Every structure is written in C-alpha cells, then in structure tokens.
Amino acid sequence: MSTAPAPSFLQSVWLVSEREIGSKLRSKAFIISFAILFLAALALVVWGGLQARDTSGTPVAVTADAEQYVAGVQGLEVTEVGSRADAEALVLAGDVDAAVVADSASPLGFAVLAEDSTPTSLLMSLAELPPVELLDPSSTDAMLRYFVALGFGIVFLMSAQLFGSTIAQSIVEEKQTRVVELLLSAIPVRALLAGKVIGNTILAMGQILILAAIAVVGLTVTGQTALLGGLGAPLAWFAVFFLLGFVLLAAMFAAAAAMVSRQEDIGSTTTPLIFLIMAPYFLVIFFNDNPLVMTIMSYVPFSAPVGMPMRLFLGEAQWWEPLLSLLILAATCVAAIVVGAKI
C-alpha cells in the first residue's frame with residue numbers, strides 16, 4: 001500500500017498560509033474590526049478635506065493701510081492694528097492666524113504674515129494671492145503633522161494588535177486541541193511558523209493597501225492634491241516598513257503563544273508585546289515635532305515602521321537613512337523567526 005509523498009517545505013508553508021487566511025476571512029471578529037478601521041480611515045480623510053475647505057472664522061490682524069484688501073472677504077475675524085510691528089506681535093503670540101499688511105514692494109500692494117506655515121484658507125479667500133513671509137519657518141503645518149502621525153500610528157497599532165492577537169490565539173487553540181501535534185508530524189516546525197506569519201502578513205498588507213487606496217481617493221475627491229503629492233513616497237515607504245515590522249511582530253507573537261498551553265495564559269506572555277506596539281503610537285503622536293525622538297524611533301525595529309515614514313514625510317531623513325533602517329529591521333526579523341521556530 002503506497003503512501004502519499006510528504007509535502008515540500010514551500011508546499012507546507014503555502015498550505016498553512018492558506019489555512020490561516022481562510023480562517024481569518026471566516027471570522028466575524030476580523031471582519032468587524034476591519035470594517036471599523038475602514039470607516040475610521042474614511043471619516044478621517046473626509047473630515048480633513050472639509051476642514052481644508054473651511055474658511056470661516058479665520059482670525060486675521062489687518063493694519064489700517066491694508067483694510068481695503070480684505071474688505072468684503074467672507075469668513076474672516078478682522079482685528080485692526082496700528083502698525084506692522086503690532087501685527088507681527090499678534091501673529092507670534094498666536095492671537096491671530098495671520099496678518100495682512102501694506103507692502104510697497106509687493107505688486108499687489110500688500111503681503112500676508114504668518115508664523116510657521118502658509119495660511120492656505122486665508123490665501124484661498126483672497127481675490128489675489130500675495131507673497132507670503134514666514135516669521136518662524138517650519139517645514140509642515142503643525143495640525144497636518146499631527147494628523148499624519150495619528151494616521152501612521154493608529155494603522156500600525158490596530159493592524160499589529162489585531163493580527164498579533166489572532167496568531168497567538170490560533171497557536172494556543174491548536175495546542176489545546178492537539179492539532180499542532182498532527183501538523184508537526186506532517187510538516188517542519190519552521191514551515192508551520194512561516195505559514196502562519198505569511199498568511200497573516202498577506203491579510204495585513206491587503207488591509208494596508210485598501211487603506212492607502214481610501215486615502216488616495218479621499219484626498220483626490222476633497223481636492224487635497226498638494227497633500228497627496230507629499231504623502232505619496234512616505235505611504236510607499238510605510239507599506240515596506242510595515243511589511244517587515246509585521247513579520248517581526250508576528251514571529252514574536254507566535255513565539256510568545258508557544259510558551260503557554262491555555263487561552264487564559266496568553267496575556268502573561270503577550271502583554272509585553274502589546275506595550276511594544278503601543279509605544280510607537282503614543283510616541284509619534286506626542287513627539288512628532290521632536291527631531292531627536294523621531295530619529296531614535298526610526299532606527300528601533302519596533303517603532304521604525306512608524307518613525308521613518310513620518311520623518312520622510314517631514315523631509316527630515318537623508319536618502320540613505322530608510323535603507324539603513326530597513327537593514328536593521330530585516331536582520332531583527334530573521335533573528336525573531338529563528339528564535340520563534342526554536343521556541
């Protein structure tokens with residue numbers, strides 16, 4: 001009586017990956033979680049577009065010799081000042097978003113003063129675009145910087161936590177039902193680990209690509225083409241870093257779950273990993289304007305998928321930095337997979 005030949009390593013990996021993908025797609029919890037993330041991303045993009053188009057209530061300081069240039073302009077809260085120096089003081093103090101002052105050197109007869117970013121809403125509301133002079137130049141708008149950091153952070157946090165937890169639960173469930181013993185009698189342990197990691201990575205990357213498509217379509221529809229142009233390269237880098245970062249975390253979640261045999265004990269080994277994926281989320285939100293913290297984040301493997309794309313968006317990273325960070329992350333992934341397979 002002949003027996004069927006044992007599957008090769010690659011066939012084993014594919015079979016496990018296919019099994020993982022099928023189980024996730026049939027899971028109601030996975031579908032609900034993705035739907036929530038999908039709607040949240042869509043709402044954030046639409047809200048950002050509406051905010052970009054909203055010109056109502058913009059506080060502006062205007063000198064007496066420049067009042068005629070803002071006369072009849074809707075959506076401005078005008079504060080009259082006596083001189084250019086007074087206008088600059090209000091702008092730097094944050095009392096107004098910008099100031100309109102007379103400027104004999106301008107072909108329009110006036111100029112707009114702003115602190116660290118161009119007041120787009122004000123310029124769009126004026127009939128003609130005057131020259132803009134930044135008193136304290138900054139590469140990006142503070143609010144835009146915050147929302148981009150929030151977007152990168154929350155996508156990485158939710159995806160890693162969702163898929164990492166399901167990997168851990170799947171492994172413990174297979175140990176409890178002794179399914180893992182049957183699997184390991186037919187395929188190598190590294191094939192089992194690789195299959196689980198690859199299957200969940202495919203789902204996670206699919207999720208990232210869908211979210212990226214939402215962002216592109218949403219920014220295009222709401223007319224934020226300038227922001228879309230600035231986000232193009234960082235989004236591509238985020239996808240690459242997310243791929244390696246997720247492989248690293250998936251291997252670590254699998255190794256952590258292999259240390260226990262009951263669902264009730266999963267938290268004891270996976271809690272440190274939860275903190276690891278939460279750290280980049282909070283760091284990038286609270287320290288997105290701190291170059292030192294962002295630089296450190298971009299080289300630490302657990303936070304590089306968020307830190308480096310953020311630095312690329314801000315224009316603070318040299319061309320070779322993402323390549324070096326990727327090498328560090330890739331080496332860490334290999335080490336995690338080797339250790340995870342042994343565990």
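Biologist: Is Arg 311 buried or exposed?
Modeller: Arg 311 counts as buried, because its relative accessibility is 4% (buried means under 20% relative accessible area, exposed over 50% and partly exposed in between, with a 1.4 Å probe and protein chains only). This is a predicted model, in which local features need pLDDT of at least 70 and side-chain atom pairs count only at pLDDT 80 or more, while totals for chains, interfaces and linings use all residues. Residues are numbered from 1 along each chain as its sequence is written, and side-chain values use heavy atoms, leaving out hydrogens and water.

Biologist: OK, what does the side chain of Arg 311 meet in a salt bridge?
Modeller: Its partner is Glu 321, at 2.8 Å from N to O (a salt bridge is a side-chain nitrogen of Lys or Arg within 4 Å of a carboxyl oxygen of Asp or Glu). Glu 321 lies in helix H12 (residues 321-342) and Arg 311 in helix H11 (residues 304-314), so the pair ties together parts that are 10 residues apart in sequence; helices here are DSSP runs (H or I) of at least four residues, numbered from the N terminus. Glu 321 is buried too, with a relative accessible area of 6%.

Biologist: How many salt bridges are there in the whole structure?
Modeller: A search finds 4, among them the one between Glu 88 and Arg 84, whose closest N and O atoms are 3.1 Å apart.

Biologist: And how are Glu 88 and Arg 84 placed in helix H3?
Modeller: They are separated by about one helical turn, because they sit 4 residues apart in that helix (residues 84-93). Glu 88 is partly exposed at 25%, and Arg 84 is partly exposed at 31%.

Terms used
Helix = DSSP H or I, 4+ residues; strand = E, 2+ residues; numbered from the N terminus.
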